[in-house]
Amino acid sequence: MAVTLVYGGFPGSYLLHRSIPLNHKVQLTTLRAHDTARHARILQATDPPAAGILDFSVQGTSDPYLVGLYFTKVKLGSPAKEFYVQIDTGSDILWLNCNTCNNCPQSSGLGIELNFFDTASSSTAALVSCSDPVCSYAVQTATSQCSSQVNQCSYTFKYGDGSGTSGYYVYDAMYFDVIMGQSVFSNSSANVVFGTYQSGDLARTEKAVDGIFGFGPGALSVISQLSSQGMAPKVFSHCLKGEGNGGGVLVLGEILEPNIVYTPLVPLQPHYNLNLQSIAVNGQLLPIDQDVFATGNNRGTIVDSGTTLAYLVQEAYDPFLNAITTAVSQFSKPIISKGNQCYLVATSLGDIFPQVSLNFMGGASMVLKPEQYLIHYGFLDGAAMWCIGFQKVQKGFTILGDLVLKDKIFVYDLANQRIGWTDYDCSSAVNVSVATTKSKDAYISAGQMSVSSSHVDILSKFLLVNIVAFLVHITVFMEPRFL
């Protein structure tokens, strides 16, 4: 998976990796358990540089059949050191395992070498003090605290599933390799705040990475920090490939496609909340009270690429399931498998399963193909078994995870407080705005960049013919993220 950062006109790319072998299947109960743990934590969480290409060595993929994990390699500290960090749109903070971590894994089942951040070994690192405004903000938005004895701003996150993490905040340099014009290379950096992980129970050896890269909307996310410094526009995009070996594109910048439809973000929320208004199956609106999707009191509708499946509150799930089962009753055999509603299918999904439309404020509809609400789970009696990928929750958030997000471009336009999407072949190139930031919230398109991703090898080519083109050919392995 290729990730491209537009840095005040500097696009750059991250490379994301698949976490487990391609042929490794997991149980739906396992996926649901991981997602449930993640959602419990959500309920508890309270003049620019010249144009060029900001190039990161990044890979990635998405595959809803597997436990997915997206991670990229970032460079921090002096001397610079590389760290593999998980990409997470459901949280804000970039944090790294530190050298004094009490229980951090020493090896990873992902086949990567783990590193640990050491504040003392970086000449540019500085602990965030109690008097720093960053600490004041962190205390307001998380369970952070400040020790007057050591004058360090620390954090402790306790989540609804019993897990947690603690550490302290640090300033240090993040480095970027920038391609300027015709093969002219330069280095650039930005001072960012991130957390260092000292203790907790979030780490697991089988999918261990060096930390988490939060892409949430909060002021402490790296996107917000770079934007506040006038170094990046307040927008990022992704396109996750659902078929084959997965793959896709994640861009800190705006993917440009003419068919993107937008809906406003619910303001003043810690996550990417949308106003879901209705659901239709085969063009028929389901009898669902719109209020069940309303934001407030730990309810609402969230877009979260860190969730593998998708989740509907019971008031919406029951009519949704009934409508699907009724629509296919003459063509497939419904069965219950390990507590999940499944169907035995002897023909193509598109021949018998209906389209589903999620309808949002502003007239924006998200059309789901059968593969975007069903999960293929092997074969039984010679027929393919497809199970409902949407899971029922008694109360809480309706969450749109990778099952729904795949095979679509998603644009998170934070400057204009909206999210947009359109169907797309995510193995194809995408056009990315190469912008010049005139203010922190406004930028002017100065060209386009093409980014493509597919299998294993990374292929970058840069071509300037009134446009800057950046092509990345990748393959990566995925495991769902649940932090």
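**The aromatic rings**

Mentor: R418 lies over the face of Y262, 3.6 Å from the ring centre; a charge sits over a ring if NZ of Lys or CZ of Arg is within 6 Å of the ring centre and within 35 degrees of the ring normal. This is a predicted model, in which local features need pLDDT of at least 70 and side-chain atom pairs count only at pLDDT 80 or more, while totals for chains, interfaces and linings use all residues. Residues are numbered from 1 along each chain as its sequence is written, and side-chain values use heavy atoms, leaving out hydrogens and water.

Now to rings that pair with rings. The structure holds 13 aromatic pairs (rings of Phe, Tyr and Trp, the last by its six-membered ring, with centres within 6.5 Å; planes under 30 degrees apart are stacked, over 60 edge-to-face, the rest tilted). One of them is the stacked pair of F236 and Y412, with 4.3 Å centre to centre and 5° between the planes. F236 belongs to strand β13 (residues 235-240) and Y412 to strand β29 (residues 408-413), so this pair ties together parts 176 residues apart in sequence. Helices (H or I, at least four residues) and strands (E, at least two) are DSSP runs, numbered from the N terminus. F236 and Y412 are both buried (under 20% relative accessible area; exposed is over 50%, partly exposed in between, with a 1.4 Å probe and protein chains only).

Y343 and F353 form an edge-to-face pair, 5.4 Å centre to centre with 75° between the planes. Y343 is in strand β22 (residues 340-345) and F353 in the loop between α5 (349-352) and β23 (356-360), so the parts tied together are 10 residues apart in sequence. Y343 and F353 are buried.

F236 and Y412 also belong to one aromatic cluster with F213, F215 and Y272.
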